[in-house]
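Here are my notes on this one, as numbered points. Have the model open while you read.

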Amino acid sequence: MRLSRYFIPTLKEIPAEAVIPSHRLMLRAGMIRGLSSGIYSLLPMGYRVWKKVMEIIREEMDAIEGMELHLPALNPKEIWEETGRVEAFGDTMFHISNRDLVLAPTHEEIITHIAQAFVHSYKDMPQIWYQIQTKFRNEPRPKSGVIRSRQFLMKDAYSLDSSWEGLDESYQKHYDAYCRIYSRCGLNYFVVGASSGAMGGSGSQEFMVESDAGEDLCAFNLESGYAANIEIASSSIPKAGRVEENPPAEKFDTPQAKSINDLVEQFGIPEERCAKALVYFADETPYLIFMSGNDQLNEAKLQSALGTNTIRPAHEEELLALTGAHGGSIGPVALKTSVQQIADTRLEHANGMVSGANEDGFHYRNLDLDRDADIQRYVDLRTVLEGEPDPIGGQPLKVKKAIEVGHIFKLGTKYSEALKAHFLDDQGKEHPIIMGSYGIGVERIVACHIEQRHDKDGIAWHPSIAPFHIHITGVKVESDMVAEHAGRFEKELEDAGFEVLYDDRVGVSPGFKFKDADLLGMPLNVIVGEKHLKDGNIEIKVRHNGERHIVPVADVVATCRTLIDAMMNAEN
RNA sequence: CGGAACGUAGCGCAGCCCGGUAGCGCACUACCUUGGGGUGGUAGGGGUCGCGGGUUCAAAUCCCGCCGUUCCGACCA
C-alpha cells in the first residue's frame, strides 16, 4: 500500500477536545474523526485495527464452538418491557420518536426471543451464540474518546444451558477464550470479581486494564490473588464488636457535633464506637442505613442489597420529616416515623455505640444495637480502602483505577423466565433455559492497547493488531536507487505475507516522514535511504524499543520475519 | 442532572475588557529551495466570527435566550 494514495489524515497539533493519550493519538494518527459527542467515524487506518481485533475475537469464539449471528439494532419496545428493562435502562436507552422502537443497548432479550422459539429440549443445548455489532446507549456523559461513547461495537455472546453445571462450563470456556483474546491483542489485563448490577444473575467477573483513564476502581492483592471491583470488594477489617460494660443508653448534649469527626474530637469517642446514619431512598422507599465510624457507604452494594438500581440520598427536608432531626443527629432510637433499618456488617452485635438521638443537637451513648435498635438486616455495605487486609490472606489491598474491557455474567434464568424460554429435561419436566452473557468492548481494546503502548512520539502497535506490520520509509524517493529498492521491498515483504505501508511521498522531507512513521506506530520501519544503501545496507527500526538494525539489502525480508516473530511471541 | 470553561478557516490560537478594514501559526495550492528527525523562501485560496433576538450610525466585541463541545461531579446493563 502506497502512503501517497492511502487516506491517513495525520495531525501535527492535538485537537483541544482530546484529553487522554489514546484519544489524542487516534485523532492524530487519522484513525477516527468525531462527529458528535460520543459518536465517531472510523477512518481507514483505524478501521483496519478494529477489524483485526474483531477477527481475533471471532477466531477465539469459534474455537469454543460459538456461532456468530447478526441481530437487529431496532427492537420493538414491547420485548424490553417484558423484562422490565425499559425502566431499568431509563434514559440510557435510545427511543425512536416516530415508532414504538428502541435502539438496542444490548441483546439479551432478542437472544432469548430466538431461544424461546427454537430451543425446546435439553438435547438442543448447550449453545453459544455471539454477535459483533453496534450497540447504542444514550450515555449522559460520553468521555475519553471511544472509551465511553453513545454508539460502539461490542462482541456479545450468550450461552444457553440445561443445567447449572452446564452454565459453569460455558462460563469457564468464555473465561479462557477471553484470556486468549486479550493476550493476543497485546494487552496487560487482570480479572476481578464484579457486581452483576441490574443485569441480574449469580456471578460475574470483569476483565480490566489498569489505567488512569479508567472509570472503575479495583481492589486487589497480587500475593493472595484477591481481586475485586470496588463495587463488591470486601476486606477483613475488624468489626466494632462488643465492649464489656453495657449500661443503659443515655441521651447527651452534642450541640456542635455534626459529623463523626466532631464526636471524636469533642467527646473523645473512639471512631469505631460511632454509628453513622444515612437515609437513602430506593424506588421511593426510605431506608435508614448505619455505617461504622467514617466508613463510606458503597452505593453499588446498597443497590444489590435492596435489589434495585434506583437509589438516592434523602434531601434535608426528608431527613427531618422521617427521623425528626437533620443530618448529623440521626440514629436508631426515638425515630419520628417507622423506617426500615439496615446496617453494615461491621456493626453487627455492637454495643457501647454513639449515634444520633433524632433530635438536633443530641446523641445517645451506650447504645446496644441488639438491645436498643431495630435493625432488620446486617449486610456488607462499606467501601474498602487501600491498605486494609484482603479477605483471603489478610494481605494489604491495593486500589487502582482500571478500564473494563470485558464482562462475563452467569445470568441464570432472569430473561428466560420473563420471556418464557422453556425446555423439557430428560424427565419431561419444564424449566427455564439457563443463560450466560459475555461482552467485550471492541473500541476499548483498541484504546487500552494505545494507552499501554505509546510514547511521546506516537503509537507502538503490537503486530497482532497493527494496521500494517511494516512501514517502509522512502528517504528521498526522487532518487532512482531509493525508489527501486523501496518498491522492491514493498513487493517482497507483501509476497512474504506482511502488510506493508510504503511512504512513497515525493517532496516530503525525511524528518516529516520519520515523525509520521513514529506517530502511526507500525512495529517495524524499514528505512530506505542513500545513506546506508550506498554500502548495500538497509536500516530497520523497531518502533516499541527504538532498536535499529543495519542489515544487508538481501536480508531485509528475513530480518523482518525474525523481528516480527519475536514480537508476536513476547510476553506483553 | 448539578458545577465550570470554551465556541473566530481543516487543526491550534490571538482579537472581545476599551464597538469602527477579521488576524497569526500549522495544514492546503503554485513555483523555487532542502534532502536522515515536522527544511527555508515567494506568491496564493479558504471564515454567514455557533444560532436567534436586542442595544447602537456601526457588533466577533456589549445585553438576553438557545444550541453545541469539553472538564469536574452524579449516572454507567
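1. Let's start with Lys 476. In this predicted model, Lys 476 counts as partly exposed, because its relative accessibility is 46%, and the band for that class lies between 20% and 50%. Lys 476 sits in the loop between β27 and α13 (480-495). Have a look at its backbone too: phi of Lys 476 is near 60°, a positive value in a residue other than glycine.

2. Asn 366 lies within a strand, namely β19 (residues 362-367).

3. One more backbone item: the peptide bond joining Met 125 and Pro 126 is cis, with omega at about 5°. Pro 126 is in the loop between α5 (108-118) and β7 (127-136).

4. Back to β27, which covers residues 470-474 and includes Thr 473. Is Thr 473 buried or exposed? Thr 473 counts as buried, because its relative accessibility is 0% and the cut-off for buried is under 20%. Leaving out residues up to four places away in sequence, Thr 473 touches Asp 503, Lys 513, Phe 514, Ala 517, Asn 525, Val 526, Ile 527 and Val 528.

5. If you want a distance to check, take Ala 554 and Ala 227: they are 327 residues apart in sequence, and their C-alpha atoms are 51 Å apart in space.

6. Now the helix packing. Two packed helices are described by the angle between their axes and the distance between the axes. Take α2 (residues 44-63) and α6 (residues 164-184): their axes come within 9 Å and cross at roughly 150°. So α2 is roughly antiparallel to α6, given that the class takes angles over 145 degrees. The crossing of α2 past α6 is right-handed. On the α2 side the contact involves Ile 56, Ile 57, Glu 59, Glu 60 and Met 61, and on the α6 side His 174, Ala 177, Arg 180, Ile 181 and Arg 184. Sorted by class, that contact has five nonpolar, one polar and four charged residues.

7. What angle do α2 and α12 (residues 442-452) pack at? It is about 115°, with the axes 10 Å apart. That makes α2 roughly perpendicular to α12, and α2 passes α12 in a right-handed crossing. Val 49, Trp 50, Val 53, Met 54 and Ile 57 of α2 meet Val 442, Glu 443, Ile 445 and Val 446 of α12. By class, this contact comes to eight nonpolar, no polar and one charged residues. Note that Ile 57 is listed in the contact with α6 and in the contact with α12.

8. Finally, the whole chain. The C-alpha trace of chain A spans about 100 × 65 × 50 Å along its principal axes. Chain A has 16 helices and 31 strands, and buried residues make up 53% of its 572 residues. Of the contacts in chain A with a separation of 6 or more, 69% come from residues 24 or more positions apart.

Terms used. Residues numbered from 1 in each chain as written. Chains lettered and ligands numbered in written order. Predicted model: local features only at pLDDT ≥ 70, side-chain atom pairs only at ≥ 80, totals over all residues. Heavy atoms only, no water. Axes fitted to C-alpha atoms, helices over the stretch in contact; angles between N-to-C directions. Helix = DSSP H or I, 4+ residues; strand = E, 2+ residues; numbered from the N terminus. Parallel < 35°, antiparallel > 145°, perpendicular 65-115°, else oblique. Left-handed = near helix turned anticlockwise from the far one by under 90°. Contact = heavy atoms within 4.5 Å. Nonpolar A, V, L, I, M, F, W, Y, C, P; charged D, E, K, R; others polar. Buried < 20%, exposed > 50% of the residue type's maximum accessible area, 1.4 Å probe, protein only.
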